Amino acid sequence: MDWDPPETWDRQREFLAGVPASLAEAPKALLVISGHWEEQQFTVQRNPAPPLLFDYNGFPPHTYELTWPAPGDPALSDRVQALVEAAGFPCPVDETRGYDHGVFIPLKVAFPEADIPCVQLSLRSDLDPAAHIAVGRALAPLRDEGVLIIGSGNTYHNMQKMMRAMRGGTAGAVNGQEFDLWLSDAATRPDPEERDQMLAQWSAAPGARNANPREEHLIPLHVVAGAALADKGMKTLEDQVLGAVESAFTFGGASSDA
């Protein structure tokens, strides 16, 4: 859709389009944790042909006609359920859920052919950071099975301030720099125990609640960081958009857009 200025999303588009080339080999399947799906318990999508969920309002008509017909993967869903439950977390399945826009919008850019099976795992609605890191650790074996684990969200998600900046109310201001500096340090720590401890205590970081008044868009990063195990994180994108800093991190060749 059209934006003013028109280059608003260019850097994020370029980053997403470059994800396949950044991987050592093409993934056999995608597992996505999106900031737009929460359930009381971690829940795995088990729909062989997920539709798109146009879970947004007020956008131009053509944005409700998008397509991204990637198939589901019930065998992967079963594997995710088994790994999560083996770690001590209940993990029901949802056999009807489609892909929310935290999945199909970025992946339509990254994997436009929609020929790689894709499965979603929900956040747990308490958004407990340590639990989400632990679930990530439980999912780590999938990395050796050809599954690309993707956290889809935002490192800065204070929508009130972003909308104010878009309307020109804070000209020249850039929100989230303090938190982004802290998060970049935490996510790229060489010691995984330090990294996970810092991420578990993210809300005490400088500027944390300014950047994420509610953390559902940040917590996908915790799942991906947990799945990284001992792999050191790398910052692969820092962008300024709608008056805020947004970053992405990569662990072991897999991208987190959280």
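The model is predicted, so local features need pLDDT of at least 70 and side-chain atom pairs count only at pLDDT 80 or more, while totals for chains, interfaces and linings use all residues. Residues are numbered from 1 along each chain as its sequence is written, and side-chain values use heavy atoms, with hydrogens and water left out.

A search of the whole structure gives 11 aromatic pairs. Rings of Phe, Tyr and Trp (its six-membered ring) pair if their centres lie within 6.5 Å; planes under 30 degrees apart are stacked, over 60 edge-to-face, and the rest tilted. Two of the pairs are listed here.

| Pair | Centre distance | Plane angle | Class |
|---|---|---|---|
| Phe 54 and Tyr 56 | 6.2 Å | 80° | edge-to-face |
| Phe 179 and Trp 202 | 6.2 Å | 70° | edge-to-face |

Phe 179 lies in helix H7 (residues 177–187) and Trp 202 in the loop between helix H8 (192–200) and helix H9 (208–211), so their pair ties together parts 23 residues apart in sequence. Helices (H or I, at least four residues) and strands (E, at least two) are DSSP runs, numbered from the N terminus.

Phe 179 and Trp 202 are both buried. Buried means under 20% relative accessible area, exposed over 50%, and partly exposed in between (1.4 Å probe, protein chains only). Tyr 56 is buried at 11%, whereas Phe 54 is partly exposed at 30%. Ring pairs join Phe 54 and Tyr 56 with Phe 59, Tyr 64 and Phe 104 in a cluster.

Pro 112 sits in the loop between helix H4 (101–110) and strand S4 (118–124), and is exposed at 57% relative accessibility.
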